[in-house]
Amino acid sequence: MNKILMLILFILMIYIDRKRGVKLFFSLLLNFIILMIIFYMTAIGFNPIICSLLGCFIISLIILYFVNGKNIKTKSSLISICIVLILLVFLIFGMTYLSRIAGFGYESYEEINMFSYDVKIDFTEIAISLILISLIGATVDASIAVSSALYEVYENNKHLSFKELYQSGINIGRDILCTNTNTLLFAFLGDFMTLVIWFYKGHYSFLDVINNKTFCAEFIRILFSAIGCVMVIPITSYVTSKSILKLGKEKTIFDIKD
Amino acid sequence: MISKVLKKNINMIIFIMLSFLTIFFVYHDDFLYSKEIMKITSIKTEKIDESQNAFGLKEKYYYQKIKGVITNGKNKGKTKTIEYEETYSSVVTDKYRVNDKVFISDHDIDGLKRDIYIVILFIIFIALLYLIGKYKGLLSLLSVVLNFIIFCIGIDLYFKGINLLLLCIVESILFSILSLFIAGGINKKTISAIISVMVSVITLLVLLLIVVYTTNYSGIYFNELSFLTVPPEDILIPELFIGTIGAIMDVAITISSAISELIEKNKNISTYNLNKSSKQIGKDIMSTMSNVLFFTYLCGGLPIFVLAFRNGYSIYNYITTNFTLELTRFLVGSIGIVMTIPISSFISIKIFKRGAK
């Protein structure tokens, strides 16, 4: 069934744009391979947090440079994403460490009871790396949207100051925010439906649910994706405005010399 | 001077005070729970044991005596000692520390009291949303909350015997009307986006049903859904469906606002040029949106992969079993996104062009 779905997706992507569709499809395959490498490295015992941070960096490189091309927009996006990742890693670490969402809740016992639990790998770190990888897609999306829109703004009004550029970056970000939170919420709800049905069947109360390990793990994961998305907006506006203006200045000096 | 600063930041100050009050309240809300809650005062590790699994991995077990004070119910104030077995990996156990609040039932620990952390993170999120998105950000939060309530009502109705797929279709229409009106107000843009969402949703559903009936779920591994007593096939399609709606709405509103912008800037723009521009916008959305879904869905399998791998299963084994469901979710979501691009540009152009005449 997945093969047929994949074929349909491929055909649809080519229908939208032949060259870009093929490129996108292959970048997804590449991302998949990298994801599996991260999984594999984590499983054989490398430090999960370092693995996932490196993985996130490579994944953003692929999405930005391979799909969107190497230019000032993607460069500033990459810098902003790195800043967000570094800032968030501490918050994620603290949150996972405190809320003990590592491992599996009662709801997954059926799924994992065929395995031995003696695996000698700390699942707290696995939980952190899981959150890091899941937020990268949404963060890259928001970042590239802001930086390319900001570049268009600059191209049309070259006299804008840093402050004006930064503010228009934030304004663009606001529009993205609304739709992005929706995409994330529903992706989460789709995943979450089984769990909700389970909660209903077990007559969980609201208080039971918000203390439940499986729920908390999912909720914290999606919240961090959204936080990454929100945080990247001002940072990208700042970095992009700075680098565009710097490039603009260099260009004018160059023009005068000519 | 000070009063001026106060006046300017009055919202901020109220927000900060409210957050602190909420956190304080949640930290002391033990009386709300009917389950007994114990605050851990000391943890003593009695014995450390090692057990070896079939693959030579040595796992450490810590046998602990956890002492604590009960903080609610009729035994409030009494101390209690519980024996607990903690593991290094904490696959199914938790690592408790002094000052943690845990639920207890008889002589077992029933899990950590996590509500405080959820609340703190949520407050951080709201603060960021407000700082950057101002009222628009808060509005998007409102639509998220309302959607969530509709979702829960839907599940409630499902247990009263209404078909889940039917519910999801009705819900999806409600979701799109609600979130798009909240995000964009009542105007032509939103209406054209809503119509696009409905058409795309129905097309996607028909496509999905055709694929499902021709392949009969071949190659899909349902283990993840197996704990429900409901047949997994009944859940899968609604689940896929709900997971995609957000992305479809996102694409539809982006395209319809772009087209309205184009027509506003140049009233005499030809349909040919509109088509060309909307295709250009579609291309840009396609690549980033599919990446969002890719990582939100596919990395969810990491913990189970690690567990399976360390139990001697191979990557190939994982990809053909546990992974298939996540992959289906991603594929259906992406198909939804890519399909919505031409549908919503066609509908938006029709609606705006008719209005222009």
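Chain A is divided into domain 1 (1–44) and domain 2 (48–257), with bounds that come from an automatic or database domain assignment. This is a predicted model, in which local features need pLDDT of at least 70, side-chain atom pairs count only at pLDDT 80 or more, and totals for chains, interfaces and linings use all residues; side-chain values use heavy atoms, with hydrogens and water left out. Residues are numbered from 1 along each chain as its sequence is written, while chains are lettered from A and ligands numbered from 1 in the order in which they are written.

Let me stay with chain A for a moment. Chain A has 9 helices and 0 strands, where helices (H or I, at least four residues) and strands (E, at least two) are DSSP runs numbered from the N terminus. Along the principal axes, the C-alpha atoms of chain A fill a box of roughly 75 × 40 × 35 Å.

How far apart are the centres of domain 1 and domain 2 of chain A? Taken over C-alpha atoms, the separation is 20 Å. Across this boundary, 11 residues of domain 1 of chain A are in contact with 14 residues of domain 2 of chain A, contact meaning heavy atoms within 4.5 Å. The two domains of chain A bury about 1,100 Å² between them, with 78% of it on carbon and sulfur atoms; buried area is the accessible area (1.4 Å probe) that two parts lose on being put together, summed over both. On the side of domain 1 of chain A, Lys23(A), Ile38(A) and Thr42(A) supply 42% of the area buried against domain 2 of chain A, more than any other three residues.

As to specific interactions, the count between these two domains of chain A is 0 salt bridges, a salt bridge being a side-chain nitrogen of Lys or Arg within 4 Å of a carboxyl oxygen of Asp or Glu. The rule does find 1 residue pair in polar contact between domain 1 and domain 2 of chain A, both residues at pLDDT 80 or more. A polar contact is a pair of N or O atoms within 3.5 Å; within protein, one must be able to donate a hydrogen and the other to accept it, and residues adjacent in sequence count only if both atoms are side-chain atoms. By class, the side of domain 1 of chain A that touches domain 2 of chain A has 6 nonpolar, 3 polar and 2 charged residues. Here Ala, Val, Leu, Ile, Met, Phe, Trp, Tyr, Cys and Pro count as nonpolar, Asp, Glu, Lys and Arg as charged, and the others, Gly among them, as polar.

I turn now to chain B. Its domain assignment gives domain 1 (35–110) and domain 2 (163–356), and 44 Å separate the centres of these two domains of chain B, taken over C-alpha atoms. In chain B, 4 residues of domain 1 are in contact with 4 residues of domain 2. The area buried between domain 1 and domain 2 of chain B is about 300 Å², 69% of it on carbon and sulfur atoms. Within domain 1 of chain B, Phe55(B), Leu57(B) and Val91(B) lose the most area to domain 2 of chain B, together 91% of what that side buries. Between these domains of chain B the counts are 0 salt bridges and 0 residue pairs in polar contact, with both residues at pLDDT 80 or more.

One local feature of chain B deserves mention. Strand β4 (residues 101–105) and strand β5 (residues 108–112) of chain B pair in the antiparallel sense over 3 bridges; two strands pair if DSSP finds at least two bridges between them. Val102(B) stands opposite Leu112(B) in β5(B). The two strands form a hairpin with 2 residues between them, and Asp106(B) in the turn has a positive phi of about 50 degrees.

Finally, the interface between the chains. Here 130 residues of chain B are in contact with 111 residues of chain A, and the buried area is about 11,500 Å², of which carbon and sulfur atoms give 73%. How many salt bridges cross the interface of chain B and chain A? The rule finds 5. In one salt bridge, the side chains of Asp100(B) and Arg100(A) meet at 2.5 Å, N to O. The count between chain B and chain A is 28 residue pairs in polar contact, both at pLDDT 80 or more. Helix α3 (residues 115–159) of chain B gives the most to the side of chain B that touches chain A, with 25 residues.
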